[in-house]
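Subject: Structure handover

Hello,

Here is the structure I said I would pass on. Notes on what was found in it follow below.

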Amino acid sequence: MWIDTHCHLDAHEFADEQGVIAERAEQLGVSCIVIPAVERANFATVAALSQQQSTCRYALGIHPMYVPRALDEDLQALRDMLPTAMADPNFVAIGEIGLDFFLPQLCEEPMRSRQEYFYAEQLKIARDFGLPVLLHVRRSQDVILKYLRRIEVSGGIAHAFNGSFQQAETFVKLGFKLGFGGAMTFTRALQIRRMAAELPLEAIVLETDAPDISPAWLHPQRNSPEQLPQIGTVLAELRDMDIAEVARATTDNARAVMPRLAF
Ligand SMILES: [Zn+2]
């Protein structure tokens, strides 16, 4: 049994195939797929998808790459939705939120400060409702961590983790798990593979980030949650471990960090 902790199954790349894909993934052992929202406009879509597919769960949040077109009032709308969302067992986290300092148009002012504002405000929402956060961290590890020290949330996942061992350790101390996926399937990804092999297993959760970050055997085709068991097999090989043990541990880790998954 596997959990895909980060999959944009609502993306247009999947058109009307979401149901078929979720079912095929389930047949391959993917018992749960977490779908983070990216902006207010898709909050209802991810919630509806989890309603239709028994294995799907969802998170609500404004993704840093969508901050340029987000409105201040979207933050209030998110906060206002939470009492209702908390009553929905399919709702599991705040996300996808974070900071992207890779894209030039996002890391220059005023957008850099605006990203930080949206990130901090959504951390406060997560803190106020006792929810974990799903983080997008690109060239922003240290600023992400700075805010996590100031605004204490109940942990979460640093998705598509690509930092240093020291940063990994800091995330873990703050109650976070690190998301590993397609990137570690490339033999040239030495640093990511070394971390996947050497970090404590309790720190690791698996994800596809579909339709993005296709594994080596699929690249550059569209990624899908059906790939998760094979990605998990790569993790088992890198750690020289039994596949079933990796599946069990990463599933337990995902449930530990998103307690609402465990109901
Ligand atoms: Zn994402």
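Which residue stands opposite Tyr58 in β4? Phe91 does. Strands here are DSSP runs of E with at least two residues, and helices are DSSP runs of H or I with at least four residues, both numbered from the N terminus.

Before the rest, some ground rules. This is a predicted model, in which local features need pLDDT of at least 70 and side-chain atom pairs count only at pLDDT 80 or more, while totals for chains, interfaces and linings use all residues. Residues are numbered from 1 along each chain as its sequence is written, and side-chain values use heavy atoms, with hydrogens and water left out.

The sheet
Eight strands make up an open sheet with parallel pairing, in the order β1-β2-β3-β4-β5-β6-β7-β8. Two strands pair if DSSP finds at least two bridges between them. β1 (2-4) and β8 (204-206) are at the edges with a single partner strand each, so one side of each has no neighbour in the sheet. From one strand to the next, the twist averages 30°.

Strand β3 (residues 56-60) is joined to β4 by three bridges, and β4 to β5 by six. Gly95 is opposite Leu134 in β5. In β4, 10 of its 10 residues are buried (under 20% relative accessible area; exposed is over 50%, partly exposed in between; 1.4 Å probe, protein chains only). Helix α6 (residues 141-150) lies across β4 (91-100), β5 (133-138) and β7, at about 150° to β5. Axes are lines fitted to C-alpha atoms, for helices over the stretch in contact (heavy atoms within 4.5 Å), and angles run from 0 to 180 degrees between N-to-C directions.

The zinc site
His6 (NE2), His8 (NE2) and Glu96 (OE) coordinate the zinc ion at 2.1 to 2.2 Å. Donors are N, O and S atoms within 2.8 Å of the metal (3.2 Å for Na, K and Ca); water is not among the atoms, so sites may look incomplete. Along the chain the donor spacing is H-x1-H-x87-E. His6 counts as buried because its relative accessibility is 1%, and His8 is buried at 11%.

The cores
A nonpolar core is a set of buried Ala, Val, Leu, Ile, Met, Phe, Trp, Tyr and Cys residues joined through side-chain atoms within 4.5 Å. The largest has 75 residues, and Leu135, Leu148, Phe171 and Phe180 have the most contacts inside it. Helix α5 (residues 111-129) gives the most to this core, seven residues. A second, separate core of 13 residues includes Ile3 and Leu134.

Regards
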